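I opened this notebook to record what I looked up in one structure. My entries follow in the order in which I made them.

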Amino acid sequence: KEVFRKQLWQVADYCGIQVLTYTILSNHFHLLVRVPRKRPLSDQELLRRYRVLYPRPTRFQTARLEVIQAQLATNGPLAVDWRQRQLALMGDLSPFVKLLKQRFSIWFNQTHDRFGTLWAERYKSDLIQPVRHSLKVAAAYIDLNGIRAGLVEDPKDYAFCGYAEAVSGGVRARAGLLRIFGSDSWSRV
């Protein structure tokens, strides 16, 4: 669950998706995310995001990235192709969830000496319009999963949810809840 949590933040940063809150259970997860409008990204931002996704690149990835950087400087054909492939994965919910599930499945299968798919079903998504208390209700539903599953009595005690991460001082998790509550003060939230 901790590996999934770390990968969640990495993939969200790479894809430009804002995680508002989450819960990771043993056989499924819930996410409340905001998908910002797509905007032009500089090559520097694309490279930063790539490095977030691959914090410990292999020698091959490092060498390839050096070639890509040289191509980006001249806007060569490799750079144009690389840029298009990266942008296709950003600012869209489907590639975000696919990449998250895929990366976790690869890690899990390697760690547990197994192969094949890990997730039984395609993800389900619901569009929530930010009216009245809809985001607060969705966030509460997600963060209270640990209680409904009988794992804890208070959501702050379930380490794998956005609320607990925020209460323990997690900056990114707090930012998500601040956005849900439309506030800039954590103490008020």
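Is Cys 161 buried or exposed? I found Cys 161 buried, with a relative accessible area of 1%; buried means under 20% relative accessible area and exposed over 50%, with partly exposed in between (1.4 Å probe, protein chains only).

I noted the source: this is a predicted model, in which local features need pLDDT of at least 70 and side-chain atom pairs count only at pLDDT 80 or more, while totals for chains, interfaces and linings use all residues. Residues are numbered from 1 along each chain as its sequence is written, and side-chain values use heavy atoms, with hydrogens and water left out.

Next I looked up the nonpolar cores (sets of buried Ala, Val, Leu, Ile, Met, Phe, Trp, Tyr and Cys residues joined through side-chain atoms within 4.5 Å). The largest has 39 residues, and Val 11, Cys 15 and Trp 82 are among those with the most contacts inside it. Another core, of five residues, lies apart from it and includes Cys 161 and Tyr 158.

I then checked Val 11 for contacts (heavy atoms within 4.5 Å). Leaving aside neighbours within four places in sequence, Val 11 touches Leu 53, Phe 96, Leu 99, Leu 100 and Arg 103.

Cys 15 also counts as buried, at 1% relative accessibility. How many disulfides are there? I recorded zero disulfides, a disulfide being a pair of cysteine sulfur atoms within 2.5 Å.
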